[in-house]
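Hi everyone, thanks for making time. Let me put the structure up, and then I'll walk you through a couple of spots.

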Amino acid sequence: MKMKLIIVLGFFTFFAFTQCKSEKKENSQQSTEHEEITQAFGNSDKVVYMLPSPDEMFSEIFIEDLELKPEYVNPVTNATNYVDIKSQSINLGVYISDFAYLSAVNDNTTDELEYLKVIRELMDKVNLYGIVDENMLDRINNNLMVKDSLDKISQELYYKMSNTLESSDRNNILVLVSTGAIVEALYLAINNIDFDQSGEIIQNIFDQKFVFDNYYEFASQYKDDIYVKTVLKELTAIKDMFDHLDFSETDIEVTKESDNDFLVIQGGKEIIVTEEAYIGFRENITNVRTLLVSISKSIN
Amino acid sequence: MIRMKKIYFLLIALFITTSAFSQRCDNYHKSGDCKIYRSDGFEYYGQSRSALLEIKKQATFKAVFYGDRDYKVVLCTDYGYYPIHYVISNADTQEILYDNSEDDYVESVGFTIDKTQNLVFDITVLAEDVKPKDSFDLRVCVGVNIYWRKVPKLGF
């Protein structure tokens, strides 16, 4: 009996010590994280920016069933050509958007799996292990025909990756991945539709300006990083294009619905979409996207 | 034998406590107080988030809210650290749209928005019952859980 007690005590003593160690590690990790959070939250000039995942952007843009154009995605064969961390991170974002886009296409192909494998390879290359695991690949395999499930998996993948990068203090890499994701999402969306096809969808595409603004402010927090600095420079054309759009503006009014306490927020800015603005958007986004996916010689 | 049982009990309690302390705020917004129990067609919005905040210190959170959508935003923290004060404003005009101090620091707010805009949430954990001298920690997990749905069409 005593022997049993000694063994149990020994186990817990060992556990307590290792726990102390890992707790210490955890504490130091937490304090780094805390510093990061206080940096983000404590200073008045630092804000936490939330960016929607590519599938959320697509679901916001494509409100009606459209024939999507998979020929616009970046071919998986390009992936092996990205050899530096910058192009690997940017194109990881590009492929995440491609995966979200392909998941929205109701077809009988298995392209999504190919894209997920490339995403996993690029994640490994930028030291992001374990996000796309066998379990996720199996789930994709089992849900290839179920659009909603693929959307959920795509969203889960994006947010898991962002959380991992944020909590490991690799926000510069997160900026690069977000750059690829947002540019690719806008590129696929604008090339999916002609100006005279659906006014509402085009308006939704232009509304992504607000997402881009948030992304750009977030990225600017890390502009001292050499990778981020060059990427921001490359995005100037898109930033200028968005900044020079025309708006109609009405005063914002907030009222309360009497029956359910819901607030009704009406008014604000609305982008005026003209054919000229549409063509400018398409040209600028296509040029930047071509630069991002071109083999490594881009944005150096 | 009873003594043995007591020792096992104490050791198990020690195990559970140490494990609990090693937890962080990840996915805190998906926990109890932040959930809504009647979905009414609302779906989870991916921009929901958790963070470790210092009490009585303002934190800022900025996100895009799309037009023609209904939103429900629920804020939560640990028991004993309430109330949470939050102010929602438009990022462009800095116009204040809602201040929950006018509603007794209610933890959730629902709104309909007709035009896409960037909204800023200024959040402060007031923790009125927590005194610095008797508090275990002045930092606490806070979750901001957002739900959305397309504005339902009226009529037949």
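**A sheet and a helix pair**

Let's start in strand 6 of chain B, where Ile96(B) is the bridge partner of Ser89(B). This is a predicted model, so local features need pLDDT of at least 70 and side-chain atom pairs count only at pLDDT 80 or more, while totals for chains, interfaces and linings use all residues. Residues are numbered from 1 along each chain as its sequence is written, chains are lettered from A and ligands numbered from 1 in the order in which they are written, and side-chain values use heavy atoms, leaving out hydrogens and water.

Helices (H or I, at least four residues) and strands (E, at least two) are DSSP runs, numbered from the N terminus. Strand 5 (residues 84-90) of chain B pairs with strand 6 of chain B in the antiparallel sense, over 3 bridges; pairing takes at least two bridges found by DSSP.

Zooming out, there's an open sheet of 5 strands with mixed pairing, in the order 1(A)-3(B)-8(B)-5(B)-6(B). Which strands sit at the edges? Strand 1 (48-49) of chain A and strand 6 (96-99) of chain B, each pairing on one side only.

Now the helices. The axes of helix 3 (residues 85-103) and helix 4 (residues 111-125), both of chain A, come within 9 Å and cross at roughly 155°. Axes are lines fitted to C-alpha atoms, for helices over the stretch in contact (heavy atoms within 4.5 Å), with angles from 0 to 180 degrees between N-to-C directions. So helix 3 of chain A is roughly antiparallel to helix 4 of chain A, the term for angles over 145 degrees.

Conventions:
Parallel < 35°, antiparallel > 145°, perpendicular 65-115°, else oblique.
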